Amino acid sequence: MPEELNVLEHELVPEHHLLSEKDSEKVLKDLKLTKDQLPKIRLGDPAVRVLDAIAGPVEEGMIVKIVRKSLTSGVSVCYRLVIRG
Amino acid sequence: MMVTGVTKRISAIKFAHLSPDEIRKMSATKIITADTYDDDGFPIDMGLMDPHLGVIEPGLRCKTCGKKVDECPGHFGHIDLAMPVIHVGYVKEIKRLLQSTCRSCGRLLLTGEQAEEYRKQRDKMEEFGADSTDTGNVAKETARDAAARTTCPHCSTVQLKITLDKPTTFREEGHKLTPKEVRERLERIPDTDMISLGMDPTVSRPEWMVLTALPVPPVTVRPSITLDSGDRSEDDVTHKLVDVLRINQRLRENRDAGAPQLIVEDLWELLQYHVTTYFDNQTSGIPPARHRSGRPLKTLVQRLKGKEGRFRSNLSGKRVNFSARTVISPDPMLSINEVGVPVEAARELTVPIHVTERNLDKAKEMCKRGPIPPGPDYQPGVNYVIRSDGRRIKVTDKNAETVSETIEPGYVVERHLMDGDIVLFNRQPSLHRMSIMAHEVRVMPYKTFRFNLCVCPPYNADFDGDEMNLHVLQSEEARAEAKVLMRVQEHILSPRMGAPVIGAIHDHITGSFLLTFKDSKFTREETLKIIEKIGEVKLPKPKVVGGVDYWTGKQLFGLILPQGLHMTFKASICQKCQTCLKEKCEHDGFVVIRHGRLITGTIDEKALGAFKGKIVDKLARDYGPDIARHFIDRATKLAIGAIMIRGFTTGIDDEDIPDQAKREIDDAMTQARMKVEEHVQAYRRGELEQMPGRSLEETLEVEIMKVLGKARDTAGQIAGRHLGLENSAVIMARSGARGSMLNLSQMAGAIGQQAVRGERLSRGYWNRTLPHFQKGDLGSEARGFVRNCYKSGLTPTEYFFHSMGGREGLVDTAVRTSRSGYMQRRLINALEDLKVMPDGSVRNTAGTIIQFTYGEDGIDPMRSVGGDPVDVDDIILTVLGDQGELIAKVQEKGALSYGIQDRDLMETPTDEGGETEQEEPEFESGGAGEEQ
Ligand SMILES: [Mg+2]
Ligand SMILES: [Zn+2]
Ligand SMILES: [Zn+2]
Ligand SMILES: [Zn+2]
């Protein structure tokens, strides 16, 4: 059986980080947001599946921080709420 | 949730069928007779014009609700059909249901487990928030699966094949099913199975798709018109309902009288036809019902469908008052903020003045002038006066004086448009926000709207018959908002690319070129003619040549620049010399502005032009819209002044070249043809050296294209030697006013190879392009090379080839515009309700985040410099001034210090120097009857 591909290592996939509960709360507080206002990412997303394997169980309601290179600002950070599916 | 102020929110919309019971329950009256009016002209009870259905005649009252015209919404009636008929709108669904259910027990042709499986799948999808399209697909799949079965799993009945004979006849193995039979079968389908088939049995039953009662729309929906002759003309829908009623009546009589089955069936089919065409008179497979005049009737579907239908023409598109539309024409004497409005339009368009103690006298005076004030000068009059109680009084010449006396605070006076009023001006297609801008009115004689030419680019307008719309704002709030946000001067910079969209075009650029090129001089008289329109200025010291005072064009141009302006850039006429001589450029292509004075360089497209104008850009960005507008207005006038002093024209003789040059071009062409022939011979002999990665044929094509491309360039160069800057066409091409040097070399030199899909022409006849070439001829003439120029004229074959190449371009543009229009509409639909919040995030109406920071860098592209947040070079120039070496040093270091990381991952931004125009066939200068 071929080893499963770690999509996070691909150069076109941006960095994904799983936030701890404390960090999540801080992010929401800093941005003055509620969880439902965040963009979503599915549990079944290949990047989330990799996060699940390396950073401990990912559950619905957790927040993933995504850092990508940006043409306009160099680096841009965004947050996504993990949802089912 | 962050949502505030929402009092009601639609959570869902559900569509269902009307049951026959509901149709009867909501009916105000049953309609039984096809007659509409009696001999005295009164509507007949239980006829199609029954007064219970609503009122259309003023003064009468509705018999159902007792209200008058405009108050009564109208009420439905109904027709009880003698025999059931199929509803054409649902034949597809009926077919699916018949095919997927048992012909005897009516149950879904799936085993319990199978059905359960599909139901589960559906529930799961719904849980994940799938919409009706997704669940609908599951239902379709269920039906397809069930239809494949040949025996019923519940009662073991063998199923027969059901087909649909368009539009409404169902057959079972060829045997016809009557609508009654169809309805009976649909009735047998149990509710539980309906859920699997995608229908909610609590609101819709399948048998309702076979009609037993027909709703009759209120008379307000189908009003009759009284013609001048006194005759009544009925609406098409009424005509159709009359047909339905007549046949329904006959069918009932024949059936009750026990007429032969054949006759009843014929009538039944006729009823089906009428009901079908009542819904949709363009149903395929049956002839459309026609009016006595032979015109097809407009029935229900025709009212809704298409461009002229209810949706696109009445709901998405609305007509408004206080608007005007007419042809546009240019006026360089107007400010870019202004619009010239014809007197006739200004007298029709009005602004409401709310009368108070302070403007009472003025209002009275205006009203006294009446609707057509006398006098040679335009003065606003008044068309209507609205009293405090809301009554509108039309002001006429006769009553103007008396009405004027009655005006008191609280009245509203609708006065004519006058200079300075803020109006919205628009040209379709309204693709971006600059398509509707606010202008200040200037009332003028003649019949066109006029505006400054610099405003053509944002509207994409020209004056070959274009028309534009004008809307007069009716409230103070609207006017204030328009003035702050929508005024033309606020849109000089485009949010599309962070560069100006408003700027000089065509003759403006030519004019400023003629004004400033090299050491152009103007006498006192000429100078005064040029600057008389730009307002008060202090003339600089004249240059004295031979005892006569002269002003250079550069001096005059400096008059309109702000005092402290410093700029350095290359003009359009810059020849891109190997080593730029900067200030000493022999083409005068290096623009240097210091302290608001033009030191060297020519002012052309790069300085003033729309999209490229650096001065306009800098002024709008650093000095604000007021200064930028003022500059553009005055630059317009200077340029027009200069071009009028010198005079400017172009004609076909601008492409004249000496006979010697023509012979040279001819020689070059002949040589190229021979060289191509050599290549072909080498290929035939098998001596052609194959290029890596290409077949032999491809190699040959590449070589030939190279030779022919070079030949055209040579021709262009030879012609170009005789096309100097004394030539008007060249001035326009070099300064960026209009046309390109390529256009000129095609006119004077040679047109060159014609191509379709990037290849030499090859299609048409067997192995050749035209029948009078040898089969397999690979020579230059046979494959679409045009050695002539536009001026010398093309040979018939060349002309044909040129048309082939030209056609491809036309088709491409046609396809591109339609497709990009559709893409744009979809993008706008998806993005229209997103907005940037005060915290810099982009959110939708529900407050959810779309982008954490707008554009990821939070930069407003309109205020960016070509997309970048800051113009580093400009800052360096401002800080270091004229210390040339220092600037070079900083720029060298700069690449390291302020380069943002990992740019190379992204597409490299196209360098702004490489704006060599693509060869683009232009078919703009067609004749009359051109599109506007
Ligand atoms: Mg036009
Ligand atoms: Zn009524
Ligand atoms: Zn059965
Ligand atoms: Zn130069």
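The model is a predicted one, where local features need pLDDT of at least 70 and side-chain atom pairs count only at pLDDT 80 or more, while totals for chains, interfaces and linings use all residues. Residues are numbered from 1 along each chain as its sequence is written, chains are lettered from A and ligands numbered from 1 in the order in which they are written, and side-chain values use heavy atoms, with hydrogens and water left out.

Donors here are N, O and S atoms within 2.8 Å of the metal (3.2 Å for Na, K and Ca), and water is not among the atoms, so sites may look incomplete. Cys152(B) is buried at a relative accessible area of 3%, whereas Cys155(B), at 32%, is partly exposed. Buried means under 20% relative accessible area, exposed over 50%, and partly exposed in between (1.4 Å probe, protein chains only).

The zinc ion (ligand 2) is held by Cys62(B), Cys65(B) and Cys72(B) through SG and by His75(B) through NE2, at 1.9 to 2.3 Å. Its donors show the spacing C-x2-C-x6-C-x2-H, and the angles of 105 to 113 degrees between the four donor atoms make this arrangement tetrahedral. Cys72(B) is buried, with 5% relative accessible area, and Cys65(B) is partly exposed at 32%.

Next come the salt bridges, each a side-chain nitrogen of Lys or Arg within 4 Å of a carboxyl oxygen of Asp or Glu. Over all chains, the count comes to 46. One of them links Asp466(B) and Arg427(B), with the closest N and O atoms 3.1 Å apart. Asp466(B) sits in the loop between helix 14 (456–459) and strand 17 (467–472) of chain B, and Arg427(B) in the loop between strand 14 (422–426) and strand 15 (436–444), so the pair ties together parts that are 39 residues apart in sequence. Helices (H or I, at least four residues) and strands (E, at least two) are DSSP runs, numbered from the N terminus. Both Asp466(B) and Arg427(B) are buried.

Glu701(B) and Arg760(B) also form a salt bridge, their closest N and O atoms being 3.1 Å apart. Glu701(B) belongs to helix 23 (residues 696–721) and Arg760(B) to strand 26 of chain B, so this pair joins parts 59 residues apart in sequence. Glu701(B) is partly exposed at 23% relative accessibility, while Arg760(B) is buried at 3%.

Thr168(B) lies in the loop between strand 2 (162–165) and strand 3 (169–172) of chain B and counts as buried at 11% relative accessibility. Leaving aside neighbours within four places in sequence, Thr168(B) is in contact (heavy atoms within 4.5 Å) with Ile86(B), Val88(B), Val91(B), Gln272(B) and Thr276(B). By contrast, Phe15(B), in the segment before helix 1 (20–25) of chain B, is exposed at 74%.

Notes
Four donors count as tetrahedral if all angles lie between 85 and 135 degrees; four count as square planar and six as octahedral if opposite donors are over 155 degrees apart and all others between 65 and 115; anything else is irregular.
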